[in-house]
Amino acid sequence: MKLRLEFVLLIAIFVGLGGFAAYSAEQSGQSSLGARITSFSSSDEGALALYRWLEQTYGSVDRLAYRPFGLAPTDGLLLVLGPGERYKPAEVADVVAWVEAGGVVVVADDVPSPRSQVSPLLEAFGLRLERIGQVVRSAEVVHPALGIVPVAELPIQTQVAVTATNQPPTFAPLAVAAGKPVVTGLRYGQGYVIALSSLYPFTNVGLRDPAAAALLLNIVSWLPSGERIVFDEFHHGFGPATNLRTLLAAVRPIDREGLRRILAALRRADLNETGLLALVAEADRLG
């Protein structure tokens, strides 16, 4: 019985540390992610500010993380922001079917095709990211779809443009820079594809610009009423196989108060049922 309890406790410790790692990532941000624009990161290039802003404004916001890739009927808008892992054919097919049924996918990256990890997804909608040949830092709004919240010029830092491979009739440039579209819209089935060749407006530093905030409010206006906004963290490496080492390596710096609480729960455990329940409860609270 004691051996069994020790085994259960060991599992609980890993659950507790995993919850602590996720908690610390949310509170402190993740410096090791570098320029990856994940909603877990509070660095300048991260998107934690956007996540929290949307959460406060719209309420129903979630992360597609720590579970198999898939979209629910209640998911209305998917944000795919410069992922570090390539979309697989089955995942592309899932998104395409979801958009056809009425979903809205926002795809942003500043890496040209085919190197961009979103290339397979964009290609499924007949879109590509192509190098402009110069750095552009602002874009002119040219379509009323970005006029719900008035904005004339957008902060765009990129060397890439969005192009349509077959010029579908429902494709429209929404903002242009150096004569090239950098924000585009595409009606696809019952849904929409919004493609951007810049990540800057989504970042913690970019969102400080009122024009970037206006852009994002216009984009979110496509969200179907009562449905959820989802950040694709799966393709930033936060899938169901994410292990404890990955989580702990991502935390900056370790939250001492969170660690103190975990250690206190471990001391209370003492290989008995009451202590084990206390540990699980603490892990659940932190997670």
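A cavity here is a set of points, on a 1 Å grid over the protein atoms alone, where a 1.4 Å probe fits but cannot get out; grid points are joined across faces, edges and corners, and the volume is the space filled by probe spheres set on the points. The model is predicted, with local features needing pLDDT of at least 70 and side-chain atom pairs counting only at pLDDT 80 or more, while totals for chains, interfaces and linings use all residues. Residues are numbered from 1 along each chain as its sequence is written, and side-chain values use heavy atoms, with hydrogens and water left out.

**Cavity**
- Two cavities of 30 Å³ or more are counted by this rule.
- The second largest cavity is lined (an atom within 4 Å of a point) by Leu 50, Leu 54, Leu 77, Leu 79, Phe 202, Leu 216, Ile 219 and Val 220.
- H2, S2 and H5 each give at least two residues to this lining; helices (H or I, at least four residues) and strands (E, at least two) are DSSP runs numbered from the N terminus.
- H5 supplies the largest share of that lining, three residues.

**Sheet**
- Nine strands form an open sheet with mixed pairing, in the order S1-S9-S2-S3-S8-S7-S6-S4-S5; two strands pair if DSSP finds at least two bridges between them.
- Its edge strands, S1 (61–64) and S5 (153–164), each pair on one side only.
- From one strand to the next, the twist averages 25° (axes are lines fitted to C-alpha atoms, for helices over the stretch in contact, and angles run from 0 to 180 degrees between N-to-C directions).
- S7 (residues 180–188) and S8 (residues 191–196) are antiparallel partners over six bridges, and Val 183 has Leu 196 in S8 as its bridge partner.

**Helices on the sheet**
- H2 (residues 48–58) lies across S1, S2 (75–81) and S9 (228–232), and runs at about 140° to S1.
- H5 (residues 210–220) packs on the sheet and touches S2, S3 (104–108), S5, S8 and S9 (contact means heavy atoms within 4.5 Å); its direction makes about 50° with that of S5.

- Nine of the 11 residues of H5 are buried (under 20% relative accessible area, 1.4 Å probe, protein chains only).
- Among them are Leu 215, Leu 216, Asn 218, Ile 219 and Val 220.
- The cover over the buried residues of H5 includes H2, S2, S3, S5, S8 and S9.
- At the start of H5, a side-chain oxygen of Asp 209 comes to within 2.8 Å of the backbone nitrogen of Ala 211.

Key:
Buried means under 20% relative accessible area, exposed over 50%, partly exposed in between (1.4 Å probe, protein chains only). A polar contact is a pair of N or O atoms within 3.5 Å; within protein, one must be able to donate a hydrogen and the other to accept it, and residues adjacent in sequence count only if both atoms are side-chain atoms. On a 1 Å grid over the protein atoms alone, a cavity is a set of points where a 1.4 Å probe fits but cannot get out, and a pocket is an open set with protein on both sides within 12 Å along at least five of seven lines; lining residues have an atom within 4 Å of a point.
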